Amino acid sequence: MINTDEKIEKGLNPVFDEEDLQALCAYDAFLDKHHEEISANLREGLKDDPVLGPIISSQTEEERQEQEEISRRLQKAAIQEGEWEQYTNLLRAQAIGYAKAGLGFSDWVRVVMLYRDYALEFIKTKSHESIETILEIVDGQNKLIDYALNVIGSSFIDELREKYERKSQQLELALSVGKIGVWDWDMKENHIVWDETMYKLYDLKKSEFKNKYEDFEKRVHPDDREKVSNAVTRSIENREDFTSEFRVIHRDGSLHYLTGRGKIIYGDDGFPIRITGINMVITEIKQAEERLEKFNEELEKQVNVRTKELRESNKELEDFSYTVSHDLRAPIRAINGFSTVLDRKLDGRLDEQEQHYLSAILDNVSQMGHLIDDLLEFSRVGRIENRFVDYDMNLLVEQVFKAQTQTHGSEEISFNLDPLPNVFSDREMIKIVWNNLIENAIKYSRDKGKITISISGEELSGKVIYKVEDNGVGFEMEYVHKVFGIFQRLHDKEDIEGTGVGLAIVHRIVQRHGGEVWAESKLGKGSTFYFSIPKNT
């Protein structure tokens, strides 16, 4: 991680190694393709924001385009040509300008994080690069965001420090309104005198302070006492002005940061006899520094989590690409082959063999259509944002079962539904879970004559567990690890139709709710499918 303050002092040129620059260039190339669309999504997402919405709406289209063009041009020059000074100055100017307009550092963080999330979504869904390149793009994005936020954060701190310096220059005015406390310490007599403001800074009554150094020391945070004592000793030994920063605790338990500065006065014998100085509140500056440090730590954690998610997502994409190349190639070849045969043999009538060819074409097209639909559904549930609501789980299951029996018939189905506990979750996504589980229970129980399906649920250890039991064909438990994998089938599709995607969709939806899915079964004796959702999702 770059120490932005240090680099700015040395010429506004951050130090990136070759691997860092390669990642930044990969991210720069990605922005060339998608920056405009990501920015458009960002503006749309922020238009109703109470703080940022008015700023966005106040800009004309020409102003916005000009600002984005300048920012992108300087960003590219920094990455490609090492011209970081102009880009850094732009970030600092924007931070200070918006700060004066009332924009806080947390608002900047929110904008940058939202932009990152939109970019990550593009990377995961629209990038057709290898997983190594995708991870490199993400790494480059994280490095640029880390640098930009450090610059912006340091700019906010610099702005606060400038305010602090201006207050110091207006000391007389500050004293008159109680902004700065003045103290005087007679070192020979060990007697300290405070002005009225000092008592306010330390949240003390005059009767509670005994005017001794030791009494002052008691008011300093225990962890900072040695630091203040050492600062006094160092100032005397080096014959320099006293300066120190420390914390004090008020009656209500709140923590406040003070800075102390003093001028040492020496006697004719060269020994110190008095220190006169001031105390000033710097809580705002310190809190800003702490927030920036905590933010960087949290950002690093989030990057690690997102990187892991991205790796897992790309593993799924690899499986998807492999399967598409296998499962969809055969129907496409069938269409092409049979169409060629028909074109060659058709002479105005269809004989029995030609009719067979045509039927085969239609069957393969239908199979391919179902497969593509399921693939799109699998992809969709991984991209859309969860919308958690309260709803009646029993009513939802009844609606799903009714819809299923309109397709499959209900005459031969014994359906047992126990009272189900409700759980705060995405109703539309959970509906898809129930739809797939109930459809499977019916489909894999057809050969049993009388189909029996039982659904129940319970609350256990902070989560709600639901289960769907059937008396269908079942499967051997040694293959249970394949049940929720995409395109994994435990039965021939000639015997039981399907694409092998439904249970993979169930797994993905439940996983996005923070839950788990599992199954128990015995060949010829039926199956039980379970899924859990945390109670406090």
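Which residue in β5 is the bridge partner of V182? The partner is I278, and the surrounding sheet is described below.

The structure is a predicted model, in which local features need a pLDDT of at least 70, side-chain atom pairs count only at pLDDT 80 or more, and totals for chains, interfaces and linings use all residues. Residues are numbered from 1 along each chain as its sequence is written, and side-chain values use heavy atoms, with hydrogens and water left out. The mean pLDDT (the predictor's confidence in each residue, from 0 to 100) of the chain is 80, and 78% of the residues score at least 70. Helices (H or I, at least four residues) and strands (E, at least two) are DSSP runs, numbered from the N terminus. Confidence is lowest in helix α1 (residues 4–9), with a mean of 39, and highest in strand β10 (residues 463–470), at 94.

An open sheet is formed by five strands in the order β2-β1-β5-β4-β3, with antiparallel pairing; two strands pair if DSSP finds at least two bridges between them. β2 (191–194) and β3 (242–249) are the edge strands, each pairing on one side only.

Within the sheet, β1 and β5 are joined in the antiparallel sense over seven bridges. Strands β4 (residues 255–266) and β5 (residues 272–281) pair, also antiparallel, over nine bridges. In this second pairing, I265 stands opposite R274 in β5, while R261 has I278 as its bridge partner. I278 is likewise the partner of V182. β4 and β5 form a hairpin with five residues between them, and G270 in the turn has a positive phi of about 90°.
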